[in-house]
Amino acid sequence: MPVLNIYKLDGSQSGTVEINNEIFGIEPNKTVMHEVLVAELAELRQGTASTKTRAEVRGGGRKPFRQKGSGRARQGSTRAPHMVGGGVVHGPKPRSYVKKVNKKVRKLALKSALATKINAGNLIVLDNFTLDVPKTKTFVEFANALNFSGEKQLYVVNNFADDKDYNLYMSVRNIKKAFVLEPGELNIFWLIKQDKVVVTREALAAIEEVLA
């Protein structure tokens, strides 16, 4: 099984942890990662854009001027698409942008993204950290100790209801370009967007359980 180093908040190594090779050691599938990323971004679209056709725009029931004799082109309504204040041709209507992706494909994409981070040395396991109160300085020093302070950071904690994890969230949220998620919220977008992924040991076990 592959092995990852475990770090403390002071940046020192406290040991190693074995990870499931079938989850974190696979050959990344970039095609599947792209498919799932497109689906995730599509699901964020509201799909509420709406325009009115000439039948829906108020007014225009009367012929604007007589058919012949005015010297102008004949018109039947002031709400025709080429008229100011007229309807819109082929404009957007409310719709859903949701793209169906199978669960197995989503799992494979997550495995591929995590494997990519591990292969590049961009996944860090955090353990043995105790926070009585939130303190941003602690995590700034942690990032400096492991030389990723200037990079975009993603922290994955096991449960916000846990005081230790919640204090981590309260500390990290003040750091520029940092974001915090629970294992169930983990997705391709954030794994690709952020440079370094810091996972607590409990969260790593939860991810393994979900993706197994």
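**Rings, charges and a sheet**

F160, Y166 and Y169 come together as one aromatic cluster. Keep in mind as you look around that this is a predicted model.

How many aromatic pairs are there? The count comes to 6 aromatic pairs, where two rings pair if their centres lie within 6.5 Å. One of them joins F139 and Y155: the centres are 5.8 Å apart and the planes stand at 90° to each other, an edge-to-face arrangement. F139 belongs to helix α4 (residues 136-145) and Y155 to strand β4 (residues 153-156), so this pair ties together parts that are 16 residues apart in sequence. Both partners, F139 and Y155, are buried.

Another pair to bring into view is F142 with F148. Their ring centres are 5.9 Å apart and their planes meet at 85°, so this pair is edge-to-face; the angle qualifies because planes over 60 degrees apart count that way. Are these two residues buried or exposed? F142 is buried, with a relative accessible area of 0%, and F148 is buried too, with a relative accessible area of 1%.

R72 lies over the face of F65, 4.0 Å from the ring centre. Over the ring of F129 you will find the charged end of K164, at 4.7 Å from the ring's centre.

Now for the sheet. It is open and has 6 strands, in the order β2-β1-β3-β6-β4-β5, with mixed pairing. Which strands stand at the edges? They are β2 (13-18) and β5 (178-181); each has a single partner strand, so one side of each is left without a neighbour in the sheet. From one strand to the next, the twist averages 30°.

Strand β4 runs parallel to β6 (residues 196-200), and 4 bridges join the two. As for Y155, the residue opposite is V198 in β6.

Helix α5 (residues 163-172) does so, touching β3 (123-126), β4, β5 and β6. The direction of α5 makes about 160° with that of β5.

Note on methods
Residues numbered from 1 in each chain as written. Predicted model: local features only at pLDDT ≥ 70, side-chain atom pairs only at ≥ 80, totals over all residues. Heavy atoms only, no water. Phe/Tyr/Trp six-rings, centres within 6.5 Å; stacked < 30°, edge-to-face > 60°. Buried < 20%, exposed > 50% of the residue type's maximum accessible area, 1.4 Å probe, protein only. Lys NZ or Arg CZ within 6 Å of the ring centre and 35° of its normal. Pairing = 2+ DSSP bridges. Axes fitted to C-alpha atoms, helices over the stretch in contact; angles between N-to-C directions. Contact = heavy atoms within 4.5 Å.
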